[in-house]
Amino acid sequence: MLIRRAEAIRTSEITPPELVLRRRELLRGAGFALAGAALAPTLACGAEGEAPPAAPADANPFRTDEEPTAFEDATRYNNFYEFGTDKGDPRRYAGSLRTRPWSVAISGEVAKPGSIDLDDLLRPHTPEERIYRLRCVEAWSMVIPWLGIPLGAILERFEPTSQARFVAFQTLHDPEQMPGQRSRVLDWPYVEGLRIDEAMHPLTILATGMYGRELPNQNGAPLRLVVPWKYGFKSIKSIVEIRLSRSQPATSWNRQAPHEYGFLANVNPDVDHPRWSQKRERRIGELRKRPTLPFNGYAEQVAQLYAGIDLRKHF
Amino acid sequence: MTPTRRARALQALAIGAGTLPLVSLCAAALGDGLGANPVEYVTHVTGGWALRFLLASLAVTPLRRTFGWSWLAPLRRTLGLIAFAYACAHYLIYLGLEHFFDWRLIAEDVLKRRYVWAGFTAFCCLVPLAATSTRAMVRRLGRRWVALHRLVYAAAALAVIHFCWLVKADLREPLLYAALLALLLGARLWFRLAGSRRGRPARDGAQSRLSGIG
């Protein structure tokens, strides 16, 4: 069912590589504000002539004006089961992770597959600061200033074929370095996936840092995905493998509990998780809860990716 | 030590142990020990101790009967009431800091989410037990007191189920409590069967129950 839906994505809907490249030049040359403004029409025109949605949540979707979460909180309250299931475990145990040397294998539907050293992978790019909301499926949220590179810009270098419809990601699997993997709470290694249009979306980044410094190990060093309109579990950490595929890849939480976690996992206040209402969230550092926004406040940028899809069914 | 003094010392010890988690929570609150999500942390800590003291209260009778430690008996009520105090704190935090006393949201939560329902029902089971835990009530209710206080088995089972249903993937801790509860309930069943095989009623009758909840 999901696969058929993916086939319905016309090639014309996928952001063409020229555009991605042009955007990169724009970003370099003109700064974020201008780039954001220039991008808005490009993003909106995907939705077959529909009127643009109501007022945007952010003046610049790449940098929310909301107060960033305290660095201390963002680095001591983490879901990273590779280091234990308690939210304090990642900080306690992630010191054993060696983040250099680190290589990433890129395979599947690409013209230039191969394994590449992380530093070589990152060298041609300049990390950009993105201040994004992060919404966990457990109904809490943070605001994180990431440093990262648009995933699309990286994927383009490996020349995805026209058959590439999905992107699958895999976390390092090494119980020596990741002690949480010694217990079988999840089916290791952790895997995640995106549709190709989601992967190519300008909001989607591979992060290498946050708060102006290198990624702390407990936050997914040395390379993690950040997809701000999806629940946090989609943003896979400590990536060692990226595979482009024709069919929808398996994803860890979906495999664990298919009726609780879907493949799309877009932030959606109207679809409750069996254990948590998704209508509201607690921003870390605040006592009162705030309403959760559709697509985590990025509806204007991404809603058109899901035109015609029943998001109650495909949660 | 006279039996009375020993009983008093034991009570004092139990009450001391019962206040320790509260004291450590208060100390943590004064510093920065409640972490990034204090409401979640305090909810988990109070819920965890409610369950642990409830299981401790249920352990009194099997220990007393297995080892003949009759002096343990008064602890059953004390531990049960400590469990109830933590359950009250847990419940009040849920009502006040999770839902800010929004009764519509709370009702929806109880009806829609099975782990909330299990926890809510467990708490409801504990209320009449705490209310009838005084000596006067024990005397007034007589045999009905014994029947009423069997509710504690339901409360403990529901509390364990509540924990099992609320975790995402790591069932190790809730299953540990489930095993402990199975052991404690199994011991009761064993005593009952062993008692009836010898042609006399189970010893776990009204006499030993007079001293408290559990």
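This is a predicted model: local features need pLDDT of at least 70, side-chain atom pairs count only at pLDDT 80 or more; totals for chains, interfaces and linings use all residues.
Colleague: Okay, starting with chain A, how many helices and strands does chain A have?
Modeller: Chain A has 9 helices and 12 strands.

Colleague: And what share of chain A counts as buried?
Modeller: That's 46% of its 315 residues.

Colleague: What about contacts in chain A between residues at least 6 apart in sequence: what share join residues at least 24 apart?
Modeller: For those contacts, the share is 71%.

Colleague: Let's look at the sheet. In what order do the 5 strands of the open sheet in chain A run?
Modeller: The order is 2-1-10-5-6, and the pairing is mixed.

Colleague: Which strands stand at the edges, then?
Modeller: Strand 2 (114-117) and strand 6 (191-195) of chain A do. Each has a single partner strand, so one side of each has no neighbour in the sheet. On average, neighbouring strands here are turned by 20° against each other, ignoring direction.

Colleague: Do strands 5 and 10 of chain A pair in the parallel or the antiparallel sense?
Modeller: Antiparallel, over 6 bridges, with strand 5 covering residues 166-171 and strand 10 covering residues 239-245.

Colleague: Switching to cores. Which residues have the most contacts inside the largest nonpolar core?
Modeller: V167(A), F169(A) and L206(A), in a core of 76 residues. Strand 4 (residues 140-150) of chain A gives the most to this core, with 5 residues.

Colleague: What does V167(A) touch, leaving out residues up to four places away in sequence?
Modeller: V167(A) touches G193(A), L194(A), I196(A), A199(A), I242(A) and L244(A). There's also a second, separate core of 38 residues, including A73(B), L75(B), A118(B) and A159(B).

Colleague: On to chain B: how many residues does helix 5 have, and how far does it reach?
Modeller: Helix 5 of chain B (residues 114-131) has 18 residues and reaches 26 Å from its first C-alpha to its last, close to the 26 Å expected at 1.5 Å a residue.

Colleague: Which residues of that helix are buried?
Modeller: In helix 5 of chain B they are V116(B), A118(B), G119(B), A122(B), F123(B), L126(B) and L129(B).

Colleague: And why do the buried residues of helix 5 of chain B line one face?
Modeller: Look down the axis of helix 5 of chain B and its buried residues fall within an arc of 160°, so they line one face. In general, an α-helix has 3.6 residues a turn, so residues three or four places apart point the same way.

Colleague: What covers those buried residues of helix 5 of chain B?
Modeller: The cover includes helix 3 (75-98), helix 4 (103-112) and helix 8 (151-166) of chain B.

Methods:
Residues are numbered from 1 along each chain as its sequence is written. Chains are lettered from A and ligands numbered from 1 in the order in which they are written. Helices (H or I, at least four residues) and strands (E, at least two) are DSSP runs, numbered from the N terminus. A residue is buried if 20 or more other C-beta atoms lie within 10 Å of its own, exposed if 12 or fewer, and partly exposed in between; C-beta atoms are placed from the backbone. Two residues are in contact if their C-beta atoms, placed from the backbone, lie within 7 Å. The expected span of a helix is 1.5 Å times one less than its number of residues. The arc is that of the directions from the helix axis to the C-beta atoms. Two strands pair if DSSP finds at least two bridges between them. Axes are lines fitted to C-alpha atoms, for helices over the stretch in contact, and angles run from 0 to 180 degrees between N-to-C directions. A nonpolar core is a set of buried Ala, Val, Leu, Ile, Met, Phe, Trp, Tyr and Cys residues joined through C-beta atoms within 7 Å.
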